[in-house]
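Subject: A structure for you to look at

Hi there,

Here is the structure I promised to pass on. Have a look at it first, and then read my notes below.

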Amino acid sequence: MTDPSHGARPVMLGQNQYGKAENRVVKITRDGATHHIKDLNVSVALSGDMREVHLSGSNANVLPTDTAKNTVYAFAKEHGIESAERFGIHLARHFVTSQEPIRTARIRIEEYAWERIGTPDAGAAPSGADGTGHSFVRKGQETRVTQITYDGESWEVVSGLKDLVVMNSTNSEFWGYVKDRYTTLQEAYDRILATRVSGLWRFNWTADEQPMPDWDTSYEQVRKHLLQAFAETYSLSLQQTLYQMGSRIIDHRDEIDEVRFSLPNKHHFLVDLSPFGLENDTADGAVYFAADRPYGLIEGTVLRDGREPRIPVDLTNL
C-alpha cells in the first residue's frame with residue numbers, strides 16, 4: 001500500500017506489537033496461619049493481524065490493553081502462581097488461542113522474592129501472631145526474570161536473573177594484556193574480582209508434548225551452579241569466569257541449551273596511603289576504593305554443542 005502523504009514512495013508496516021506493561025500483581029496464598037507470597041511484575045506484548053489499526057485506525061482486531069491487565073489479575077486468582085514461567089505460559093496460551101487475530105504472545109515477568117522474618121520467641125508475638133507465618137522481608141540479592149513466547153505451535157522460554165552482586169576477595173589476577181601508549185593500568189597478581197551478574201538461559205522445552213521442566217528447581221540449581229563456578233574458578237580474566245559459569249550450567253542442567261551473561265566489572269582499586277606513612281597492600285589485608293563507573297563490561301554466550309544462539313546479544317532489550 002502506498003501512503004499518499006509520501007507521494008510515489010512505497011511505505012510498508014513493519015514489526016509491531018502492543019500490550020500492557022508492568023502489571024504489578026501480588027498473590028497471597030494462605031495455608032492456615034502460614035502464608036505464601038508471589039510478587040510479580042508482568043508485561044504482555046501481543047502481535048498478529050494488526051494492519052488495519054495502523055493504516056485506518058480500525059480497532060476491530062484489537063483486544064484492549066486494559067483487558068490484558070485484567071486478565072493478568074484474574075489468572076492470578078483462577079490459576080494461582082506456581083512459578084513465573086508457568087504463570088506466563090497460562091497467559092500466553094490464553095491470548096493466542098482466545099483471539100484469532102493474535103498470532104504471537106510474549107510475556108515478560110520479573111519476580112521479587114520475600115523471605116520470612118523469624119522471631120526468637122514466636123509465642124510472645126503480639127495479637128497471637130506466630131512471628132514467622134505471615135511476616136516477610138524483601139530479599140535484596142537479585143531479581144528473577146522470565147520471558148515466554150508462544151505462536152500457537154511452539155514455545156520459547158528464556159529465564160534468568162539480574163543484579164546478583166558477587167565478589168572474590170582473592171584468587172584473581174589480570175596481567176599479560178596488550179599495552180600501548182595510552183595504557184596506564186598496572187598488572188595485578190592478586191586482585192578483587194566483583195561483578196553484578198545479569199544472566200539469561202534458554203530452555204529446550206518448546207512443545208506441549210515434551211515433559212515440562214520443574215521451573216523453580218531449575219532456577220535454584222542454575223543459580224547454585226553459577227555461584228559455585230564463580231567461587232571455584234581461579235580467575236585470570238572475567239571472561240574466563242563467565243565461560244566457567246556458563247559451562248557448568250550447561251554440563252549440569254539438561255533442560256538448558258544456551259546461557260548468556262552480562263558482567264560489569266565492579267572495580268576495586270588500592271588506596272594510596274603512603275602520604276600518611278601507611279603501607280596498604282599487606283598480608284593482613286588492604287583498603288580499596290570501590291568505583292562504580294566507568295566499568296569494564298564483559299558479555300558472552302555459552303551454548304550446548306550443536307545448538308544455535310537465540311538469546312539477543314543486547315540484553316537491555318529483553
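Let's start with aspartate 257, which lies in strand β9 (residues 256–264); strands are DSSP runs of E with at least two residues, helices are runs of H or I with at least four, and both are numbered from the N terminus. This is a predicted model, in which local features need pLDDT of at least 70 and side-chain atom pairs count only at pLDDT 80 or more, while totals for chains, interfaces and linings use all residues. Residues are numbered from 1 along each chain as its sequence is written, and side-chain values use heavy atoms, leaving out hydrogens and water.

Is aspartate 257 buried or exposed? With a relative accessible area of 5%, aspartate 257 is buried. (Buried means under 20% relative accessible area, exposed over 50%, and partly exposed in between, with a 1.4 Å probe and protein chains only.) Its side chain makes a polar contact with the side chain of asparagine 204, at 3.0 Å. (That is a pair of N or O atoms within 3.5 Å; within protein, one must be able to donate a hydrogen and the other to accept it, and residues adjacent in sequence count only if both atoms are side-chain atoms.)

Now for the aromatic rings. The structure holds seven aromatic pairs. (Rings of Phe, Tyr and Trp, the last by its six-membered ring, pair if their centres lie within 6.5 Å; planes under 30 degrees apart are stacked, over 60 edge-to-face, and the rest tilted.) One of them joins tryptophan 201 and tyrosine 219: the centres are 6.1 Å apart and the planes at 40°, so this pair is tilted. It links distant parts of the chain, with tryptophan 201 in strand β8 (residues 193–203) and tyrosine 219 in helix α4 (residues 215–232), 18 residues apart. Tryptophan 201 is buried at 0% relative accessible area, and tyrosine 219 counts as buried at 8%.

Tryptophan 205 and tryptophan 215 form an edge-to-face pair, 5.9 Å centre to centre with 85° between the planes. Tryptophan 205 is in the loop between β8 and α4 and tryptophan 215 is in helix α4, so the pair ties together parts that are ten residues apart in sequence. Both also belong to one aromatic cluster, together with Tyr150, Trp155 and Phe203.

Finally, go back to tyrosine 219: the charged end of arginine 144 sits over its ring, 4.6 Å from the centre. (For this, NZ of Lys or CZ of Arg must be within 6 Å of the ring centre and within 35 degrees of the ring normal.)

Happy exploring!
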